[in-house]
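Here are some notes to read alongside the model. Have it open on your screen, and let's walk through it point by point.

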Amino acid sequence: MKIPISWIKNYIDFNISNEDVSELLTMSGTEVSDIIKIGNDWDSNLIVGEIKNIKKHPNADRLSLVSIDTATDLIEVVCGAPNITPGQKIAFARPGANIYNPRDKKMSILKKSSIRGVESEGMICSPLELKYSEEHEGILVLPKEAKNGQLLNDLLSDDIFDLDITPNRADCLSVMGIVRELITIFSAQKIDHQILNHFDLEKEIIDIKNQIDFKIKINSTDCYRYSGISINSIKINDSPFWIKDKLIKSGLRPINNIVDITNFVMLEYGQPLHAFDLSKIKTKFIEVKKNNLEKEFIALDNVNRELNEKMLRITDGNKTIALAGVIGGDNSEIDSTTSNIFLEAACFDMSNIRQTSKELNLSTDASYRFERGVPYNFTIPSLLRAITLIKETNQTHVEITGLWDEQSKVVNETKKSVQFTSKRYKKIIGENISLEKAKNILKNLGLTNVQEKSIDDEFELKLNIPSWRQDLDLEDDLIEEIARIIGYDNLSSSPMQYAEKNIPIEKNVEYRNQTRLEMKAMGYIEVINYPVLNESQYINTKITNSSQNPIELINPINQDNKFMRSNLRSGLIDNLSKNSKKYPDIESWKFYELGKTYSSIINPDFKLPTQNYTLGMIANGLVAKQNWAHNPNKVNFYTFKGEIERLLTNLKINYNFTKNNDSKYYSKESATIISNQTIVGSFGFIRKETLLNLNAKIKNVLYAEFNLEKLFENITSTNKFQKISPYPQATRDLSFVVDKNIIADDIIKIINENPLISELNVIDVYENLENGKKSLTFRLSYQSFNETLSNKQIEESQNKTLKLLKKNLNVELRKQI
Amino acid sequence: MNANKTYLEKLKLEASNTIENLLSAEDIETWRINYLGRKGKISEFFQSFKDMKSEERNELGSLANNVKNFLEELYDNKSKSLNKSDIQESDFFDYSLPGTPNSAGSIHPTNQMMQEICIAFNKLGFNIYEGPEIESEKYAFDKLNIPTNHPARDIWDTIWVKDVGDIKSLVLRPHTSPMQIRIMENNEPPIRVIIPGKCYRYEATDNTHEWHFHQIEGLVIDKNINFSNMKSTLFEFARIIFGEETKARFRCDFFPFVEPGAEMSINFKENTWLELMGAGMVHPKVLKNVGLDPNIYSGFAFGLGIERAAMIKYGINNIRDFYANDYQFLKQFK
C-alpha cells in the first residue's frame, strides 16, 4: 500500500526526516519497504507555466505552437498533446531540465530543439516525463491556484511510503491507521509532534430525512452492516487536482469525481465505499443475499464471471448489481450522465469475501480490506466524510436525500475486553513495565481502560478493544503492542539459564554428515535436485516389479513434473547428462545426492507417506582426472564396487552382495547390497535402454542407491580390538580352474572356513579357458596365534581346503606359483 | 667355510644388507668384486662343493646359481639407481609440475551452511531433529493457529498433494514449523531443538525466490523463557555464523504461531541490514493446542532460510544457482 507523506501531514506534523519515520514504522511492525521520492531530481528548470495561446504548427497537422507564460518570459514551444487549452497551468521544462524520456526509458537533459522547422524552447511535460505517474497520453494539468514561474518542486514533490502491511493489521490499511501508529510511537518515544486534525469516529447519528422511496434488506449473516446514503443532483466530472494528486500518489487512477471520492475515503478511513447509479436500481430496493439464480455476472471491468451460491451478492431483489465487498456491477455503474447516486458502506464477513475473491481469482482494493477485516462502525463516519468531500468538490448544489443503516448482528457482540498484567509482561518479555507507559501506549492505540488495580509494584488492567483491532484477542497480544511500540531493540537481552550444555546430536544426522564427507573424499560432487518427476522419468526409473503408486501433486510448479520421486535415479542421470554436455572436456564424472524419496506406504508413526533418506551416486568416464603423472582407467563395475566397499567399511557397516533383480533399470553388470540379511541398496551399470528412454545422451553409466534408514541401522558403533599374532604370516598363491558359473564368493566362503587364513585376495582372473572354465588366482596368507607355521602345517591345512573346494565346487588346482 | 644351504642363505643376506647402504660407485664396485668377482665369495662357494656327490652338487649348484643371479640383479639395480640420482642432482628439477590430480568432491553449499548452523545451535545447547516434508494440513497450518480462509495463509502459497490412500489434506510443507507441534506433542519440556529441512512454496522463481528451499526451525520451551532470552540466543548465533563483529536487530513482525512476533536482521559488512530470520514467543494458543499450560510454560521459536544465509555468507546473488546443479558452481564448495 502506498501513502504519500503529504496526506499523513494533513493530520500530524513532526520534525524528523521521512527516513526516520519510515525506520520507526518498520521497527514497530509496519514495514516501509521503500520510500518513493517524487520531484527528488526536479531542479529550477521545471516550473509552473500558463498556456496563453495555441496556434497550429505550420508544417505538422498534429502539432501545435503554444505560448507559455512563465511569469518572467513568454516562451513558444511545440506541443503534440491533445488535452491543451488556453488558461491551463502546466508543468514547463526549460532546456537543461532533467526529465524522463519514455522512448529511451531513462532520464536525460532536455535540449533546445527544432521540431519540423520550428524552434522549441522547452517542453510541456506529461505525468510520465515527470515520473509523477505512468500517464503519457496528454500533458499534466496543474491546479488553477498554481503560480506562474513557481518551482514545480514546491507544488508537487512528495515522499511516498510503500508499506507492507502484515495480514493481521487491517487497521493499518489506511491513512488513519498509519497516523494512529505514528502518534502512538512518537509519544512513547518522546518525539515532538503536533496533531493537526482528528478522525471523528464517534459521529454515529446524523439527521437526514429519507425523502425518497428506497429500501434495504440484509438477508445473510455474512453481512453485518449495510449503510448507505442517496445523493441527488450530482454532476459527474473530473476531480479537483488535490484529490487526483493524492490518488495518483497512492497508486490509484483517477476516474471521476464520485468514484475518486469513494477511493479517497477508502484510503483515508480503510472503509471501502461503492457508488451505484440510483436510477439504474429500478426496484428501489437493495437486498444483500446469497442465491444461485444468476450463474454469471458482468462486473465493472466488463469481465463476465461465473458465480456460485456461496458468494454474497448485492441485489436489487432480483438481479445481482454487485459482488459484496469485491466489485460493482456493470448494470449499476455510474457514468457521465449519472445525477443521482447511492453510496454504499458495509461490513461483511472476512472469510466469505476472501473465498469469493480466491474463487474468482480477483483481488480488489475493497476485497483486500474486507478479507482482512473492516470494522463494523466505520460505515457512517466514512459516508459522512464522503458527503463532506462531495459537497466541497461538486460545482452543483447536491442534495442528500436519504440515509439507511441496517445491521444483522448485535454490534455489541463484537465488543470485547482483554486483561493486561505487569506480571505476565515480565514473564514474557523479561523486564518490567510501568503503569504509566502501558496505559499511554494502549490508550493511543485506541484501547479504553475499564478497570485498573495496583498491588505493590504489580498492576492489572482490563481494557476494551477498539473495533478496528479485532486481531487483539489475548493478553499476549497486548504485550506485543507495548513491546513493539517501545521498540524490540530497546528491550533487554539476557542469556538462557540451563543445566546441560553438551547435547548429543541425533545419530542419523551425524551419519548423514559422515556419509557426505566420505563421498566428498572419494571425489563425488553433491547435487540437490527438485524431488519431482515427469511421467517418463517416473516410469523409466521405477524399481522393477514395484507395486507402489506414485505420490502426485495437485498444483505442481510445472504441470509435467507432478510426481514425487521414489528414488534418486532420474535426477542424477539428468545432472550427469547436462553437465557432460556442457563440459565435454571433463573426462571423469562423479555426482551424488543425499535426499528424501517418497513412497505411498503409510508410515504408522506419522500417518503420512513414508519419506526416507536415500543416497544415490553416479559415475562415468575415467576413475579420476588425468594428467602427465597419472593415467587412470575408465570406471567399471569393480572400481565402482570398490568405492561402495570403501564407503560401507568407513561407515562401519558389514555387507555382502547378491545378484540383482532390478533388470529394467540395471544391466546384468549389477548387484544387490545386503547388510545383516536386509537389502540396503543396489548398484551397477544402468541399462542402455533406460538412458535412451530418459533422453540422456551418455553411455557406460554406473549408479548406486542406498536406503539410508535401513543402512544406518546396521552401523556398528564401536571398533572392537582384535588380538594380533606375534608370529609371521606366510603367503601362498593358488590358481584355481572352475566352471564359469561359480562365483568368487562361493570359493572365498570355503577358503575362509580354514582357521589359519589371515588374509585373502583375488589377484588374477582369466575368463577364457577351454570347456567353459575360468581361472581365479588367490593370494592367501596363513598365520597362527600359537606358533610360526611350518611348511608342512600350511600344506596340510591347505590340502583340506582344496579337498573341500574340489568336493563342493569341483575346483581344480591349476598350478602353484 | 661350509658348503651347505645355511651358509648360502647367510651369504645372500649379508650381501643384500651391505649393498643397501652403499652410496658411491666406488664402494659398489668393491662390493661386486667381494661377492661376484672371479675370486669373490660366490666363486669360492662354487669351488667348495665341486667334489661332492652329483645329487648334492646339483642341488647346491642350482641354489647357488639362484643366489648369484639375485646378487647380480641387486648390483645392476643399485648401479642404475646411483647413476640416476647422480643425474638428478646435477639436473634441473621442476617441483611445480602438477601432482597426480586430487579428486576431492564437494558438499552442496546448502548442506554446508545447514551443517554450520546446526553445529552453532548445538553449541548453544540445541538438539537436532528432522521431520516429514509431505505433511498434513493440520500440522502445517491448523495447529499453528493459521485457520482456513484466514488472510495469514497468504504468507504461505502452498503446494497440495493428492490423497494417498485414505490420508487426506496433504501438503508439501511450506515451512519447517509443523515440527514445532510434533516435537511439543512428543516431548516434555525443557525443549531445545532445531529442525533443518526442505520446504516448498507455490511461487514463481526469481533471483531471491525458489519454490524449493531449505529452512531451519528452532524451538525452546521451558518454565522461564522470555523475549530477552530469545534476543540473546539468536544474537549469539548470528555472531557464531557471521563473526564477532556482527550486529543484530529485532523488529516487530507477524507470524500467527508466535506472539510477540519478530524479525531479526543482521549487519556484518557494508553497514547494511539484511533480514535473516523470523522469530517470536510461542503463541499461547499453540501451547494449548499441544496440551501445554501457557501460564506455566513459555518459549520461543524461530525460522531461517538456509539459502538466504548461504547467499549472505558466500556472496551468491542468484538463488537459482543452488539447484541448477552446474558443475562449476558446485565444485567450488570444497
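What percentage of the 817 residues of chain A count as buried?

1. That comes to 40% of the 817 residues of chain A. A residue is called buried if 20 or more other C-beta atoms lie within 10 Å of its own, exposed if there are 12 or fewer, and partly exposed in between, with C-beta atoms placed from the backbone. Before going on, bear in mind that this is a predicted model, where local features need pLDDT of at least 70, side-chain atom pairs count only at pLDDT 80 or more, and totals for chains, interfaces and linings use all residues. Residues are numbered from 1 along each chain as its sequence is written, and chains are lettered from A and ligands numbered from 1 in the order in which they are written.

2. On to the overall form of chain A. There are 20 helices and 43 strands in chain A; these are DSSP runs (H or I of at least four residues for helices, E of at least two for strands), numbered from the N terminus. Chain A has a radius of gyration of 41 Å, while a compact globule of 817 residues would have one near 28 Å. That radius is taken over C-alpha atoms, and the globule rule is 2.2 Å times the number of residues to the power 0.38. Along the principal axes, the C-alpha atoms of chain A fill a box of roughly 130 × 85 × 60 Å.

3. Chain B can be read likewise. It has 11 helices and 10 strands. Its radius of gyration is 38 Å, well over the 20 Å that the rule gives for 334 residues, so chain B is more spread out than a compact globule. The box for the C-alpha atoms of chain B is roughly 115 × 50 × 40 Å along the principal axes, and 41% of its 334 residues count as buried.

4. Look at the two domains of chain B too. The assignment, which is automatic or from a database, gives domain 1 (5–90) and domain 2 (109–330), and their C-alpha centres lie 77 Å apart. Glu72(B) sits in helix 4 (residues 54–90) of chain B and is partly exposed because 14 other C-beta atoms lie within 10 Å.

5. Now for where the chains meet. The contact takes 79 residues from chain A and 68 residues from chain B, two residues being in contact if their C-beta atoms, placed from the backbone, lie within 7 Å. On the chain B side, helix 8 gives the most, with 7 residues. That side has 34 nonpolar, 24 polar and 10 charged residues. Here Ala, Val, Leu, Ile, Met, Phe, Trp, Tyr, Cys and Pro count as nonpolar, Asp, Glu, Lys and Arg as charged, and the others, Gly among them, as polar.

6. Helix 10 (residues 422–429) of chain A is worth a look here. Its buried residues include Arg424(A), Tyr425(A) and Lys427(A). Their cover comes from both chains, and includes strand 27 (417–421) and helix 12 (475–486) of chain A, as well as helix 8 of chain B. Just after helix 10, Gly430(A) takes a positive phi of about 95 degrees.

7. Which helix of chain A is largely enclosed by the rest of the structure? Helix 8 (residues 365–372) is, because 7 of its 8 residues are buried. Among them are Tyr368(A), Arg369(A) and Phe370(A). Strand 25 (341–348) and helix 7 (350–360) of chain A are included in what covers them. Gly373(A) follows helix 8 of chain A, with a positive phi near 110 degrees.

8. Finally, Phe778(A) is in strand 42 (residues 773–782) of chain A. Phe778(A) is partly exposed because 19 other C-beta atoms lie within 10 Å. Leaving out residues up to four places away in sequence, Phe778(A) touches Leu734(A), Ile751(A), Leu760(A), Asn761(A) and Val762(A). Asn761(A) is 17 residues from Phe778(A) along the chain, and their C-alpha atoms are separated by 5.6 Å.
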